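Subject: Structure handover

Hi,

Here is the structure for you to look through. Please open it first, then read my notes below.

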Amino acid sequence: MITRLRQRERLDTLGNDTRVANFRWGRYVYFALLIAFFLGLANYLVGSWIFLRADGLVLQEMFAVAPSYEGKIVSVHVKPGQKVEKGELLVRLESSTLVRALAELSFREAEITSRLEQLKSKLAISETMLPLAQSQLAEMDKGVASLGQLKRRQLTNQQRVEELVISHYSASSQLAELEVQKNSLGREIAANEAARAEAVAASDDLKRLYNNGALTAPTAGTVGPVVASSGEVLVPGDRALEVFSGAPYVLAYLPETYLFDVRSNQRVSASSGRQQAIGRIVEILPVAANLPAEFQNTFRPRERSQLIRVELDRGAGFPSGQKVRLTRCLFENCESVLSMAGRVGAWVSREARNRLRAIAPAQSSPSSIAEPDFSDDFNGQRLDRSKWLVGKRNWGGKDGEGHDYNGGVSPQNVGLQEGALVLKALGDSYRGPVRGVNRDGTPREDGTRVGAMIATRNYLGSGRYEARLKVAPVLGVATAMWAFHYREEGNHIGNHEIDIEFPGRPGPPHEGVSFNRMLANTWIGEREGESTTQYVHLPATIADGQFHIVRFDWRAGSATSAPSVVFFVDGREVASIDTTVPTRRSRLYLGAWFPKGWAGQPTFAEAEVVVDWVRYWRFDGQDDRDVEESFASVGWE
């Protein structure tokens with residue numbers, strides 16, 4: 001009985017033939033690409049239904065600068081993107097039409113004035129002759145009455161009576177004429193005076209409108225990208241330029257269909273590809289608008305979308321008109337994964353360096369191996385003038401009217417008190433006797449926005465600079481420690497400088513100013529690319545009424561070490577710069593001064609910076625050098 005079939009061996013199978021299973025990578029790559037394609041297609045078609053992706057434009061309040069008369073541009077005083085203050089001259093025009101109108105009004109005013117003088121002269125004659133005419137008529141009345149009595153007595157003839165009557169009539173007529181003339185001249189003078197007042201008012205209005213052809217900034221802000229050129233003729237309605245002012249915001253266009261929730265106060269991320277900022281939806285507008293051309297999709301056209309307004313966090317840094325995309329935040333603070341990883345890495349690196357310095361203080365702290373090369377504890381009765389110069393100068397720019405923005409620094413604001421250096425700062429509410437100084441060295445009429453500054457007599461090179469101080473705890477004045485060397489070299493200004501300044505801000509815009517931030521700067525000149533600024537965020541406010549140690553370690557570089565400036569607050573590294581590092585030995589400055597805008601508004605009366613001590617240790621082997629400074633002896637008491 002057969003229970004199973006016997007399997008026959010294949011003739012092409014050998015006993016030692018071993019087959020290896022092939023892992024087919026091509027198949028898996030194909031399926032992966034296929035899946036990626038369909039996912040990308042789905043994301044393209046319906047991704048905006050599920051994920052917030054709204055295109056928008058960064059906008060600011062826009063002020064159009066345009067003449068209300070026809071005129072030709074004779075000079076342009078600003079460039080696209082330039083910061084301007086309210087009232088600053090932007091463009092100057094000349095208008096033959098307005099000049100002619102002003103000349104005609106001036107001629108008309110002169111005509112009316114001449115006519116008024118004539119009328120007043122006639123009125124004066126009338127007023128002089130009127131009493132005489134009245135007196136003459138009164139005498140004639142008496143003569144007529146007497147002649148009447150003589151006639152009744154037949155003591156006179158008829159001819160005499162007629163002559164007297166004729167003379168009486170003539171006197172009466174002259175008196176009436178003078179009275180009418182006086183009243184008429186009074187009315188005519190009043191009418192001409194009103195006409196002259198109208199001509200003067202019209203002339204003043206035209207002059208105010210024309211303003212010598214000056215178009216000024218209506219507000220502080222930034223000049224737009226389009227600026228008219230010299231020689232261009234503008235008519236009413238034509239714009240010379242635009243000024244953008246105020247906090248930037250995003251006006252975004254929602255997709256037509258979406259399944260996610262959009263609500264007010266929702267945090268979103270705005271990205272332009274190169275920059276990213278955090279914002280908050282402040283309003284979902286009940287209107288729809290046409291999408292700008294750059295937002296239109298050729299293969300999926302949309303004509304209109306609902307608008308939302310997004311308020312950006314301070315210091316966003318987007319230029320006005322920038323195209324951005326809004327997306328939902330992954331984390332509560334809206335930080336991207338890459339940004340968070342970079343921040344954690346920077347923190348780990350900084351903590352590692354701080355721990356290494358704590359383990360090996362002899363290598364990082366000159367005070368542990370040598371006495372300072374320069375120091376001052378300010379324990380005397382007066383400032384040691386063999387070490388220090390006291391500033392009496394002005395810097396900081398002009399206001400919108402062309403005047404110096406601040407009152408400079410005054411020796412009257414420098415003094416020693418209880419073993420410390422005191423640098424006073426006088427704000428806008430100050431009404432005391434101290435007076436500031438203008439940039440040209442002349443005294444100012446008031447003492448507002450006047451600070452204080454001292455500098456070392458000697459020039460110091462690469463090394464560790466530190467001071468223990470209390471910052472001025474009010475906005476509007478900058479507390480600063482800086483090394484500075486200035487030299488004019490033909491058309492180039494060699495400005496070698498290292499700054500520690502409080503308060504700071506999150507980025508280039510003059511916004512978000514606070515004492516939780518610090519500015520760390522290095523300069524080698526005033527041209528573009530010759531300075532570096534780091535906007536430092538401090539772990540706590542520096543304006544807490546306590547002393548803090550601020551420091552920078554400057555290495556100009558050598559054959560074996562790269563140039564760098566490292567900044568510290570209370571022994572912790574907060575910033576490091578290895579570009580635009582100065583190489584010239586400089587004076588060390590300590591000061592309280594009034595910057596134009598970036599430190600806030602000085603609405604206070606008085607504040608002070610208190611410095612407990614200053615120390616400096618030189619780093620040997622660095623390539624810093626002595627260079628003669630321009631105006632080294634100018635601006636000191």
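A nonpolar core is a set of buried Ala, Val, Leu, Ile, Met, Phe, Trp, Tyr and Cys residues joined through side-chain atoms within 4.5 Å. Buried means under 20% relative accessible area, exposed over 50%, and partly exposed in between (1.4 Å probe, protein chains only).

Two notes on the source. This is a predicted model, where local features need pLDDT of at least 70, side-chain atom pairs count only at pLDDT 80 or more, and totals for chains, interfaces and linings use all residues. Residues are numbered from 1 along each chain as its sequence is written, and side-chain values use heavy atoms, leaving out hydrogens and water.

Cores

The largest nonpolar core has 50 residues. Ile454, Met518, Phe552, Phe567 and Leu590 touch the most other members. Strand β27 (residues 606-618) gives the most to this core: five residues. Strands (E, at least two residues) and helices (H or I, at least four) are DSSP runs, numbered from the N terminus. A second, separate core holds 22 residues, including Val65, Val84, Leu102 and Tyr210.

Now take Met518. Contact means heavy atoms within 4.5 Å. Beyond its neighbours within four places in sequence, Met518 is in contact with several residues, among them Ile500, Phe502, Tyr535 and Phe567.

Helix α2

Arg115 sits in helix α2 (residues 96-152). Is Arg115 buried or partly exposed? Arg115 is partly exposed, because its relative accessible area is 30%. Leaving aside neighbours within four places in sequence, Arg115 is in contact with Glu188 and Asn192. Asn192 is 77 residues away along the chain, yet the two C-alpha atoms are separated by 7.9 Å.

An open sheet

Four strands form an open sheet in the order β5-β4-β2-β7, with antiparallel pairing. Two strands pair if DSSP finds at least two bridges between them. The edge strands, β5 (214-216) and β7 (233-234), each pair on one side only. Four bridges join β2 (residues 71-76) to β4 (residues 89-94). Val76 has Val91 in β4 as its bridge partner.

Rings

The whole structure has 15 aromatic pairs. Rings of Phe, Tyr and Trp (its six-membered ring) pair if their centres lie within 6.5 Å; planes under 30 degrees apart count as stacked, over 60 as edge-to-face and the rest as tilted. Tyr589 and Trp636 form a tilted pair, 6.0 Å centre to centre, with 35 degrees between the planes. Both Tyr589 and Trp636 are buried.

Best wishes
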